[in-house]
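Here's a quick briefing for anyone meeting this structure for the first time. Have a look at the model, then read on.

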Amino acid sequence: MELCQQGESTISDRLQLLKDQYQVLAGQRQQIDTMLERLEYKIGRYAAAVESGELVWEESGEEGDT
């Protein structure tokens, strides 16, 4: 807000702040997407276990993971 109040001379600084914030949010989105993929996998395994009566993990190191 302070940069905005300083006027047009700070446009490039404000642009850089926006780009920096974009990068932070893009990184957070990637982390969230990764966690959602893991949850989808686990949900699928547990849903299959409800049907089959047996919890089976693929050989991806997920076994033993809640």
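Let's start with T10: leaving aside its neighbours within four places in sequence, T10 is in contact with L3 and C4, where contact means heavy atoms within 4.5 Å. This is a predicted model, so local features need pLDDT of at least 70 and side-chain atom pairs count only at pLDDT 80 or more, while totals for chains, interfaces and linings use all residues. Residues are numbered from 1 along each chain as its sequence is written, and side-chain values use heavy atoms, with hydrogens and water left out.

**T10 and its setting**
- T10 sits in the loop between α1 (2–6) and α2.
- With 4% relative accessibility, T10 counts as buried (buried means under 20% relative accessible area, exposed over 50%, partly exposed in between, with a 1.4 Å probe and protein chains only).

**The overall picture**
- The protein has two helices and zero strands; these are DSSP runs, numbered from the N terminus, with helices being H or I of at least four residues and strands being E of at least two.
- Of the 66 residues in the protein, 9% are buried.
- The accessible surface comes to about 5,900 Å², and 53% of that belongs to carbon and sulfur atoms (areas come from the Shrake-Rupley method with a 1.4 Å probe, and for residues only the protein chains shown count as cover).

**Helix α2**
- α2 has 42 residues and reaches 61 Å from its first C-alpha to its last, close to the 62 Å expected at 1.5 Å a residue (the expected span is 1.5 Å times one less than the number of residues).
- Y41, K42 and A49 are buried in α2.

**A nonpolar patch**
- I32, M35, L36, L39 and I43 make a nonpolar surface patch of about 490 Å². Patch residues have over 30% relative accessible area and no salt bridge, with like charges joined within 9 Å and nonpolar side chains (Val, Leu, Ile, Met, Phe, Trp, Tyr) within 5 Å; a salt bridge is a side-chain nitrogen of Lys or Arg within 4 Å of a carboxyl oxygen of Asp or Glu.
- One of these residues, M35, is found in helix α2 (residues 11–52).

**The aromatic rings**
- How many aromatic pairs are there? The count comes to two, using rings of Phe, Tyr and Trp (its six-membered ring) with centres within 6.5 Å; planes under 30 degrees apart are stacked, over 60 edge-to-face and the rest tilted.
- Y41 and W57 form a tilted pair, 5.8 Å centre to centre with 40° between the planes.
- Y41 lies in helix α2 and W57 in the segment after α2, so this pair ties together parts 16 residues apart in sequence.
- The rings of Y46 and W57 have centres 5.9 Å apart and planes at 80°, so that pair is edge-to-face.
- W57 counts as buried at 12% relative accessibility, and Y46 as partly exposed at 36%.
- Ring pairs link Y41, Y46 and W57 into a cluster.
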